[in-house]
Amino acid sequence: MKIAVFNGSPRKQNTSALVDAFVEGANEAGHDVEVYQVGKMKIAGCLGCEYCHTKGEGSCVQKDDLEKIMPAYKEADMIVFASPIYYFTMTAQMEAAIQRVYCIGKPAKANKAALLLSSGSPGVYDAAVAQFKAYMNYADINITEIITACGDENKSEDKLAEVKEFAKSL
C-alpha cells in the first residue's frame, strides 16, 4: 500500500516521535511510506477563486509548495495527517494543505486515512478531529484510526508502541 504522511509540525519535536513510530510500523508491514514535512513548506491558503475548476483543469492558480505534495494526494492509497495542536486545531500549515486539495476535490485513490495529534494539554482535540471526520466523510475515505498524545505521552514507549502496532496492522 502506498501511504502519504503529511506532517503539519513546523518543529521537529512536536509530532516527530509519532510519525517515526508510524513509519517504522508501516515499513515493517511492507508498505511504501513517504513523509511530507508540510509544516516546513510554504503553502498558502485557498483563495476560493475557482481558477482550479474553471481555467485550471484541477490545478491551483497559486504556485507554491503544494505542487510538491499534490502528486501524493493523487496517488496514495492511504493518507495520514499528523499535527500538533496549536490553539485547539491543527497547524496553519496543515490547514492550508488540506484546504488546497479543493482544486482536485478528493484524493483519487485513497480509501483509508488516519490522524495523529500531539498536544501539551488534554482535551484540546475536538476541533481537529471534527474537521478531519468531516473531510473524510466528504471524500468518502474510511477513517482507520485517530490517535492523540498529550504531554509526556508524546514520547512514551506505550504510545509509540500503539502507533507502531496500528501501522503494522494496515
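Colleague: Is Phe-88 buried, partly exposed or exposed?

Modeller: Keep in mind that this is a predicted model. Phe-88 sits in the loop between β3 and α4, and its relative accessibility is 47%. Buried would need under 20% and exposed over 50%, so at 47% Phe-88 counts as partly exposed.

Colleague: And what is the phi of Phe-88 near?

Modeller: Most residues other than glycine have a negative phi. Phe-88 is a residue other than glycine, yet its phi is positive, near 80 degrees.

Colleague: Which loop holds Asp-140, and is Asp-140 buried or exposed?

Modeller: Asp-140 also has a positive phi, about 55 degrees, although it is not a glycine. You'll find Asp-140 in the loop between α5 and β5 (142-150). Its relative accessible area is 68%, and the cut-off for exposed is over 50%, so Asp-140 is exposed.

Colleague: On to the cysteines. How many disulfides does the count come to?

Modeller: A disulfide is a covalent bond between the sulfur atoms of two cysteines. To count here, the two sulfur atoms must lie within 2.5 Å. By that rule the count comes to 0.

Colleague: What about Cys-49, which cysteine sulfur is nearest?

Modeller: Cys-49 counts as partly exposed, with 45% relative accessibility. Cys-49 is in no disulfide either, and its nearest cysteine sulfur, 6.3 Å away, is that of Cys-60.

Colleague: How many cavities of 30 Å³ or more are there, and which residues are closest to the centre of the largest cavity?

Modeller: The count comes to 1 cavity of 30 Å³ or more, and the largest has a volume of about 90 Å³. Its lining has 13 residues, which divide into 9 nonpolar, 2 polar and 2 charged. Closest to the centre are Cys-46, Cys-49, Cys-52, Cys-60 and Tyr-102.

Colleague: Which element gives the largest share of the largest nonpolar core?

Modeller: That core has 36 residues, and those touching the most other members are Phe-6, Ile-69, Tyr-73, Ile-79 and Phe-81. Two or more residues come from each of β1 (2-7), α3 (66-75), β3 (78-84), α4, β4 and α5 (126-139). The largest share, 6 residues, comes from α5.

Colleague: Which residues does Ile-79 touch, leaving out those up to four places away in sequence?

Modeller: Ile-79 is one of the core residues that touch the most other members. Its partners, with close sequence neighbours left out, are Ala-4, Phe-6, Pro-107, Ala-110, Lys-112, Ala-113, Ala-114, Met-136 and Ile-141.

Colleague: Last one: what is Ile-104 in contact with beyond four places in sequence?

Modeller: Ile-104 lies in the loop between α4 (92-99) and β4 (112-119), and it counts as partly exposed because its relative accessible area is 23%. Ser-59 is 45 residues from Ile-104 in sequence, but their C-alpha atoms are 7.5 Å apart in space. With neighbours up to four places away set aside, Ile-104 is in contact with Gly-58, Met-70, Tyr-73 and Lys-74.

Terms used
Residues are numbered from 1 along each chain as its sequence is written. This is a predicted model: local features need pLDDT of at least 70, side-chain atom pairs count only at pLDDT 80 or more; totals for chains, interfaces and linings use all residues. Side-chain values use heavy atoms; hydrogens and water are left out. Helices (H or I, at least four residues) and strands (E, at least two) are DSSP runs, numbered from the N terminus. Buried means under 20% relative accessible area, exposed over 50%, partly exposed in between (1.4 Å probe, protein chains only). Contact means heavy atoms within 4.5 Å. On a 1 Å grid over the protein atoms alone, a cavity is a set of points where a 1.4 Å probe fits but cannot get out, and a pocket is an open set with protein on both sides within 12 Å along at least five of seven lines; lining residues have an atom within 4 Å of a point. Grid points are joined across faces, edges and corners, and a volume is the space filled by probe spheres set on the points. Ala, Val, Leu, Ile, Met, Phe, Trp, Tyr, Cys and Pro count as nonpolar, Asp, Glu, Lys and Arg as charged, and the others, Gly among them, as polar. A nonpolar core is a set of buried Ala, Val, Leu, Ile, Met, Phe, Trp, Tyr and Cys residues joined through side-chain atoms within 4.5 Å.
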